[in-house]
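Here is a quick tour of one model, written for someone who likes to know the cut-offs. Have the viewer open and follow along.

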Amino acid sequence: MNTTLEEKDGKYIAVLEGEMDTVAAIEAEKVLQPLYNCNGKDVILECGKLEYIASNGLRILLGILKGAKAKGAKVVMRHVNDDIKNVFRITGFADLFEFED
């Protein structure tokens, strides 16, 4: 799992690559920690190379979403593959997040 975070054009952009299993989610959360308090900046989660997400990964993304909404910002998930979208549908998270192709 590779996770990077940058601030660009007044937004946070996080790139998630590989498999976010339970162990990888712990490391990813350390990188993504600033997104829990995004200071009103929108968050883009680039998921084009995300291959798998475990429940811990979903928990992290939900925490980021709650923090962003509390500050009036939005979270957009980009380039999510069909397998990951299906996980979001099954868990009911698909209705919570905004998706872009």
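Contact here means heavy atoms within 4.5 Å. This is a predicted model, where local features need pLDDT of at least 70, side-chain atom pairs count only at pLDDT 80 or more, and totals for chains, interfaces and linings use all residues. Residues are numbered from 1 along each chain as its sequence is written, and side-chain values use heavy atoms, with hydrogens and water left out.

Let's start with Lys 85. Leaving aside neighbours within four places in sequence, Lys 85 is in contact with Val 80, Phe 99 and Asp 101. Lys 85 belongs to helix H3; helices (H or I, at least four residues) and strands (E, at least two) are DSSP runs, numbered from the N terminus. What does the side chain of Lys 85 pair with in a polar contact? The partner is the side chain of Asp 101, at 3.3 Å. A polar contact is a pair of N or O atoms within 3.5 Å; within protein, one must be able to donate a hydrogen and the other to accept it, and residues adjacent in sequence count only if both atoms are side-chain atoms.

Next, accessibility. Buried means under 20% relative accessible area, exposed over 50%, and partly exposed in between (1.4 Å probe, protein chains only).

| Residue | Relative accessible area | Class |
|---|---|---|
| Ile 64 | 0% | buried |
| Lys 85 | 18% | buried |
| Glu 98 | 34% | partly exposed |
| His 79 | 37% | partly exposed |
| Asp 9 | 71% | exposed |

Now the core. A nonpolar core is a set of buried Ala, Val, Leu, Ile, Met, Phe, Trp, Tyr and Cys residues joined through side-chain atoms within 4.5 Å. The largest one holds 28 residues, and Leu 45 and Leu 61 have the most contacts inside it. At least two residues of this core come from each of strand S2 (11-20), helix H1 (22-32), strand S3 (43-53), helix H2 (55-70), strand S4 (75-78) and helix H3 (82-91). H2 gives the most, with six residues. Not counting residues up to four places away in sequence, Leu 45 touches Ala 14, Leu 35, Leu 61, Val 75, Val 76, Met 77 and Arg 78.

Buried residues of H2 include Leu 61, Ile 64 and Leu 65, and the cover over the buried set includes S2, H1, S3, S4 and H3. Ile 64 sits in H2 and, beyond four places in sequence, is in contact with Leu 32, Leu 35, Tyr 36, Val 43 and Val 75. After H2 comes Gly 72, with a positive phi near 80 degrees.

How do H1 and H2 pack? Their axes come within 8 Å and cross at roughly 20 degrees, where axes are lines fitted to C-alpha atoms, for helices over the stretch in contact, and angles run from 0 to 180 degrees between N-to-C directions. H1 and H2 are therefore roughly parallel to each other, a label for angles under 35 degrees. Among the residues making the contact are Ala 25 and Leu 32 of H1 and Gly 57 and Ile 60 of H2.

Most residues other than glycine have a negative phi. Asp 9, in the loop between strand S1 (2-8) and S2, has a positive phi near 55 degrees. His 79, in the loop between S4 and H3, has a positive phi of about 55 degrees.

How values were computed
Angles under 35 degrees count as roughly parallel, over 145 as roughly antiparallel, 65 to 115 as roughly perpendicular and the rest as oblique.
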